[in-house]
Amino acid sequence: MSVVKQHIINEVTLWDSIKNGNHQSFSVFYDTHIQALDRYAQRMTKDNQLIADAIQDVFLEVWKNRQTLNQPTSWRYYLLAMVRNRIIKLAKNETGVYTNEGWENYEDDTETPEELLIISELLESQKNRLQLYFEQLPNNQQQVLTLRFFEELSYPEIADFLQIREQSVRNLIQRAIQKLRELMRVF
């Protein structure tokens, strides 16, 4: 079984456990996504209290609605969208107007449910294609990409984990990305 398939299976199993009220699984879910949400929110505002409130509200909403909430195609995308919308709502409630000095190109175009469905379907299609391309890579390239981009390990950590030189890790990742780009151009 490929590492990508295993990752997807683990997410499904984790979400099933969360839906059944498992607090430890929710803690793992929280730990998996909190840093990405915080990094993203920092681009929108420098108000750390607003960020903390928005992220807390998002996770609270996910927990409250866990039994009726279906697992989205991408939790990361779903949570980022929720945080963005929550920050905008909280900022408007505080001042009456949302202003953002740090995010110059932001447009307040709230997606309709239909647009969100289309985006979700496009993401699913892209994810499926990318998974097919990923599976065409040699195992060592799949492994370094997984460690780098799914597990978010640094180059030195990957080198230590695989017992190879750091430059070899960089070379494998570069070749893998180049191969993926070639495959994406062909299809």
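Rings of Phe, Tyr and Trp, the last represented by its six-membered ring, are taken to pair if their centres lie within 6.5 Å. In this predicted model, a search of the whole structure finds nine aromatic pairs. One of these joins Trp 15 and Trp 75, whose ring centres lie 4.6 Å apart with 50° between the planes, an arrangement described as tilted. The pair links distant parts of the chain, since Trp 15 belongs to helix α1 (residues 3–19) and Trp 75 to helix α4 (residues 75–95), 60 residues apart. Trp 15 counts as buried because its relative accessibility is 2%, and Trp 75 likewise counts as buried, at 4%. Ring pairs also connect these two residues with Phe 26, Phe 29, Tyr 30, Phe 59, Trp 63 and Tyr 78 in a cluster.

The axes of helix α2 (residues 23–44) and helix α3 (residues 48–64) come within 10 Å and cross at roughly 145°, and the crossing is right-handed. Among the residues that make the contact are Phe 26, Phe 29 and Tyr 30 of α2, together with Phe 59 and Trp 63 of α3. The residues of this contact divide into eleven nonpolar, four polar and one charged.

Helix α2 also holds Ser 25, which is buried because its relative accessible area of 11% falls under the 20% limit. When residues up to four places away in sequence are not counted, Ser 25 touches Leu 14, Ser 17 and Ile 18.

Elsewhere, the ring of Tyr 155 has the charged end of Arg 148 over it, 4.6 Å from the ring centre, and the charged end of Arg 170 also sits over this ring, 4.0 Å from its centre.

Key. Residues numbered from 1 in each chain as written. Predicted model: local features only at pLDDT ≥ 70, side-chain atom pairs only at ≥ 80, totals over all residues. Heavy atoms only, no water. Helix = DSSP H or I, 4+ residues; strand = E, 2+ residues; numbered from the N terminus. Buried < 20%, exposed > 50% of the residue type's maximum accessible area, 1.4 Å probe, protein only. Contact = heavy atoms within 4.5 Å. Axes fitted to C-alpha atoms, helices over the stretch in contact; angles between N-to-C directions. Left-handed = near helix turned anticlockwise from the far one by under 90°. Nonpolar A, V, L, I, M, F, W, Y, C, P; charged D, E, K, R; others polar. Phe/Tyr/Trp six-rings, centres within 6.5 Å; stacked < 30°, edge-to-face > 60°. Lys NZ or Arg CZ within 6 Å of the ring centre and 35° of its normal.
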